[in-house]
Amino acid sequence: MSMIFAIFLPIILAIFIPLLYKKAKRIHTGWFVLIAPLILVVLYALYIPSVMDGKTFSEEMPWIPSLDISLVSYIDGLSLLFSLLITGIGSLVVLYSIFYLDKDKENLGNFYVYLLMFMTAMLGVVQSDHLIGLYFFWELTSISSFLLIGYWYTRDRSRFGALKSMMITVFGGLMMLGGFLLLGIMGETFSIRELISQAATIAEHDLFVWALVLILLGAFTKSAQFPFYVWLPDAMEAPTPVSAYLHSATMVKAGLYLVARLTPIFALSEVWVWLVTGVGILTLFWGSFFAVKQTDLKAILAFSTVSQLGLIMSLLGIGSIAYHVTGDLVTTYTFATFAAIFHLLNHATFKGSLFMIAGIVDHETGTRDIRKLGGLMSLMPISFTIAMIGSLSMAGIPLFNGFLSKEMFLDATLSLQHVGLYSMDTWWILIPIVAWVASVFTFVYSLYFVLHTFRGKHTPELLPKKAHEAPIGMLISPGILATLVIVIFFIPNFVGNTFIKPAVAAIQPSVYALPSDVGFKIKAWHGFDSPALYMTLGIFLVGYLLYKTLPKWSVAYSKMPAKVTLNGIYDWLMMLSESGAKQVSSLYMKGSIRSYLIYIFGAIIILLASTLWIKEAFVISFDNLAPIKFFEVLLSLLIIIGTLTILITKSRLTAIIALGAVGYTVALFFIIFKAPDLALTQLVIETVSVALFLGAFYHLPKLNKHEKGKEDRKFRLTNFLIALGVGVMVSLIAISAHSQKLVPSISEYYKKTVYSEAGGGNIVNVILVDYRGFDTLFEIGVLTIASLGIIGMITLRLAKKKGENKVENK
Amino acid sequence: MITFLWVIVVLISAALLGFIYRLVKGPTTPDRVIALDAIGVGLISLIGLISILFDTPFFLEVILLLAVLSFIGTIAFSKFTEKGEIIQRDRNS
């Protein structure tokens, strides 16, 4: 049970956090929280040697066995890398948050409960082998992320950001669930490993493309890809540790994880390759282009995250081409997968440290607005050093790990020229060009981020606080990450062998059986003949020029109309759904019973008519008909005349009298159809109800439309048509029902046994009280309730309040 | 004999139609009330004839009931047209 228990360790600890928070006031709650990720990071580190040898670990805990749903924890290269990222960066973030969040001013209990919840959710996402389990943890990440973004819930912006991220990621999550269910239908299993083993048959299935698109929607919304990235910049209202943890290193990589994990299933499709690569490249460009425009430190980092996620996504897309080619080309494209995982790791290190630095700057100066900041280099030298390392790595400058993965990225985009599949040979050139332009912008905003914050003129009068260096505890975590950034540059192949090759072997199981088969070496120096080298040099040159001329051309951004942005579209969609729903419901919910009756009767007519029509149920047969007698014609005429009188009379009293006449005629019908009990009852009831009508009649207001006779009896075509329709429908159904009696009546039994079994002569009464006495019992109940209700309505007038018109009984 | 009874049935039915005409047309409410009362009497005789024609004693109760109800109904209508209500209340309660 240890592997599954490990997933739940953080959330179990979370149960005790409120207690610790309340009882141990003097110690910062974060110190207790630190236990969970530290234990887990050590635990997962122990798996590294075996996973490097190509072993995998799996453990299953039945959850709903009858539905074949279980929690399966599966550790291979990919999930181990993610688990280490989650717990490792989790530990650093918790450590950072201990110094970042004040223990007296903040509600730490809430914060750490949400954070630990998130940690469990994220570990569950990356280790689940069961699709339903994966979805369960996936939604838990959405919910805990919602709670964390809205942590300062008294601020409007926080609530807006939390809601927005919730709407978008839950939309994607639900789409993904649909895709998972389709996968489950196609493969008749929810286990990802079993689905991978039958990938070839699944790819033939009709539902395949649907599942693909739905699952990609989930991955794209979570990983903030175009056009769903809009929630990420707004999620920056969260406390900085949350931004560093969720919105750079872990949660936004869940979509990447999903894409990587399901590559063996879906990579066989051309749609997958194009969608993942195309959307990734577009996101890369879009994010880096708009990052330059931002003035908020965290917003720059948010757009930068979007763009880097796009980069990794596109690399995963290029990597999946390996399934479509043969020979040496397979190695060429699995190299892209290798680059993707490497950059994923690098991004987690440098982006985590940059977010923490942005938080430190915010913490120590009181603002994150880059226009107010400047000249902090001499005041905050350590933060400056860390920020410099992170930014230069992000820009892709040598001596930092970002350089290595950026080179690999450029190589991978260039390798597309060899594909020659699916019209790639004509269009491939666009991808390296867009990637190159995006890299230029990445270079520009990386410099802009660090130099505008730490260089230039210091303007203390603009800052809410007096700037000074952060406490040492706050600098530990970004310091460790920045050290990693440099260390990875110098020992890339050690990192590659330890973490990345097992992950690549997990993503490309058809190519590599064991991690040791992955034969890539990361080289910092490619030689002068490498095109990537000249592309990188070009990026530095053009990027530096653009940075120097930034004030001149950045005005171009403000020329863009605000309405056509994706945020504008999101706001418009939200407003549309709200006001649209309001309009639709106020369109038909008028509060008038007449219109509701029109809907009800209209629906009856349409449903019955279409059923009769579609099922060809209308049958008319004259076989079983009795001969028509004179009496029946006469009484029918009487009823018709009475009914018409009710309809056309202008006086309400006439209508009541005519109704009485109709009721009496019905009693007469009962007589000629030989039902004396019914006739008796009908006569009494009719008299009583006419008397009641007369009683109610008196209390009606004198001057009424009815009495005036102007408006109400106005011929209404709709009402006429609906009434006619209902009448015709009911008649047609009665005719068809009578024309096709399938079974004989059971009344023969009653006739035979009424005396012998029940000891009575009146068959109607014996049925009422003997054969089917239950109905009678409850009809007595109905009458009791009705009379009690009348008494209640008359005597208890609780609802009557002062000022309301009281009906006077004269 | 049967023919004779049928002739009476037709006559009473014609009378009923006449009453119905008055019920529909009747310029004032008392006209209609009287028509309704007459309809009750017509129905009583019709039901009596039907009992004979069907050769059954089961409808005699209906005749009695109809007589009572017709009376009560006419009284109720008359009181209503006279006083505006059917059951007078003790206004002191």
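Predicted model: local features only at pLDDT ≥ 70, side-chain atom pairs only at ≥ 80, totals over all residues.
The top contributor is H30(A), with four residues. Going through the lining by name, chain A brings A:Leu638, A:Ala661, A:Tyr664, A:Thr665 and A:Leu668, while chain B brings B:Leu16, B:Ile20, B:Ile39 and B:Leu43. By class, that lining comes out as eight nonpolar residues and one polar, with no charged residue. The space inside amounts to about 70 Å³, and the cavity count at 30 Å³ or more stands at three. As for how such spots are found, rolling a probe the size of a water molecule over the atoms shows where empty space is left.

Next comes the contact between the two chains. How many residues does each chain bring to the contact? Chain A gives 31 residues and chain B gives 29. Put together, chain B and chain A bury about 3,000 Å² between them, and 88% of that area sits on carbon and sulfur atoms. On the side of chain B that touches chain A, the elements giving two or more residues are helix H1 (2-25), helix H2 (29-54) and helix H3 (60-83) of chain B. That side of chain B holds 22 nonpolar residues, along with three polar and four charged ones.

What about polar links across the interface of chain B and chain A? The rule finds zero salt bridges there. Polar contact between chain B and chain A comes down to one residue pair, with both residues at pLDDT 80 or more.

Most residues other than glycine have a negative phi, and most peptide bonds are trans. Against that background, the peptide bond from A:Phe226 to A:Pro227 is cis, its omega lying near -5 degrees. Where does A:Pro227 sit? Its place is the loop between helix H11 (208-222) and helix H12 (231-234) of chain A. The other case is A:Asp68, a residue other than glycine whose phi is positive, near 60 degrees. A:Asp68 also belongs to a loop, the one that runs between strand E1 (57-64) and strand E2 (69-75) of chain A.

Note on methods:
Residues numbered from 1 in each chain as written. Chains lettered and ligands numbered in written order. Heavy atoms only, no water. Contact = heavy atoms within 4.5 Å. Buried area = accessible area lost by both parts, 1.4 Å probe. Salt bridge = Lys/Arg side-chain N within 4 Å of Asp/Glu carboxyl O. Polar contact = N/O pair within 3.5 Å; in protein donor to acceptor, adjacent residues only side chain to side chain. Nonpolar A, V, L, I, M, F, W, Y, C, P; charged D, E, K, R; others polar. 1 Å grid on protein atoms, 1.4 Å probe; cavity = no way out; pocket = protein on both sides within 12 Å on 5 of 7 lines; lining within 4 Å. Points joined across faces, edges and corners; volume = space filled by probe spheres on them.
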